[in-house]
Amino acid sequence: MSAGLASDFIERVVALRSALRRQATYWISTRGQLGSPDDFVQDTIVTALRSTDRFEDNNLSGWLIAILRGHIRNARRRATVRACVPLSPPCSDDNEDDGGEFDLPVAASQETALELGDVVVALRTLSEADQQVCASSSPRMNKR
């Protein structure tokens with residue numbers, strides 16, 4: 001790409017920045033933990049400038065929106081949820097009133113939540129001695 005075409009391309013990309021920001025704000029409005037719209041717009045512009053050789057169409061706006069959508073989709077895939085699972089340990093000697101919940105990270109999927117619920121139900125059906133063994137042999141669970 002010649003210097004004149006490159007500067008024209010950059011000017012066109014920068015001119016679409018506010019439209020990209022509006023679109024990013026709309027797409028992530030309910031999922032603020034993904035990041036800020038400005039970060040996604042910046043990533044989109046950097047990706048577009050790095051891959052100018054892939055731009056073949058006259059629809060620069062559509063191409064940039066597709067890149068933006070890809071960045072937001074990838075961020076959503078990476079997002080996880082931390083859930084507090086109420087796994088009460090067996091009665092302790094010091095009789096704490098806080099219930100002793102454990103903080104356990106859970107991926108954001110319905111299947112995992114259902115499987116975890118089944119595990120909790122199964123653990124609560126164990127005898128008290130077995131529950132004590134389970135509670136003492138779980139080094140991965142972080143007590144709050």
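Modeller: One term before we start: contact means heavy atoms within 4.5 Å. Also, this is a predicted model, where local features need pLDDT of at least 70, side-chain atom pairs count only at pLDDT 80 or more, and totals for chains, interfaces and linings use all residues. Residues are numbered from 1 along each chain as its sequence is written, and side-chain values use heavy atoms, with hydrogens and water left out.

Biologist: Okay, in what order do the elements of the chain run from the N terminus on?

Modeller: Helices (H or I, at least four residues) and strands (E, at least two) are DSSP runs, numbered from the N terminus. The chain has six helices and three strands. Their order is α-α-α-α-β-β-α-α-β.

Biologist: Is threonine 44 buried or exposed?

Modeller: Threonine 44 sits in helix α3. Buried means under 20% relative accessible area, exposed over 50%, and partly exposed in between (1.4 Å probe, protein chains only). Threonine 44 has 0% relative accessibility, so it counts as buried.

Biologist: How do α3 and α4 lie to each other, roughly parallel or oblique?

Modeller: Axes are lines fitted to C-alpha atoms, for helices over the stretch in contact, and angles run from 0 to 180 degrees between N-to-C directions. Helix α3 (residues 37-50) and helix α4 (residues 60-78) pack at about 125 degrees, with axes 9 Å apart. Angles under 35 degrees count as roughly parallel, over 145 as roughly antiparallel, 65 to 115 as roughly perpendicular and the rest as oblique. So α3 and α4 are oblique.

Biologist: Which residues of α4 does α3 meet?

Modeller: From α3, the residues involved are Phe40, Val41, Asp43, Thr44, Thr47 and Ala48. In α4 they meet Trp63, Leu64, Ile67, Leu68, His71, Ile72 and Ala75.

Biologist: What about α2 and α3, how do they lie to each other?

Modeller: The axes of α2 and α3 come within 9 Å and cross at roughly 130 degrees. That therefore makes α2 and α3 oblique.

Biologist: Which residues of α3 make the contact with α2?

Modeller: On the α2 side you'll find Arg17, Leu20, Arg21, Ala24 and Thr25. On the α3 side, the contact is made by Pro37, Asp38, Phe40, Val41, Thr44 and Ile45.

Biologist: Then α2 and α4: roughly parallel or oblique?

Modeller: α2 and α4 have axes 11 Å apart, at an angle of about 30 degrees. So α2 and α4 are roughly parallel.

Biologist: Last one: what is isoleucine 72 in contact with?

Modeller: Set aside its neighbours within four places in sequence. The contacts of isoleucine 72 are then Ala24, Trp27, Ile28 and Phe40.
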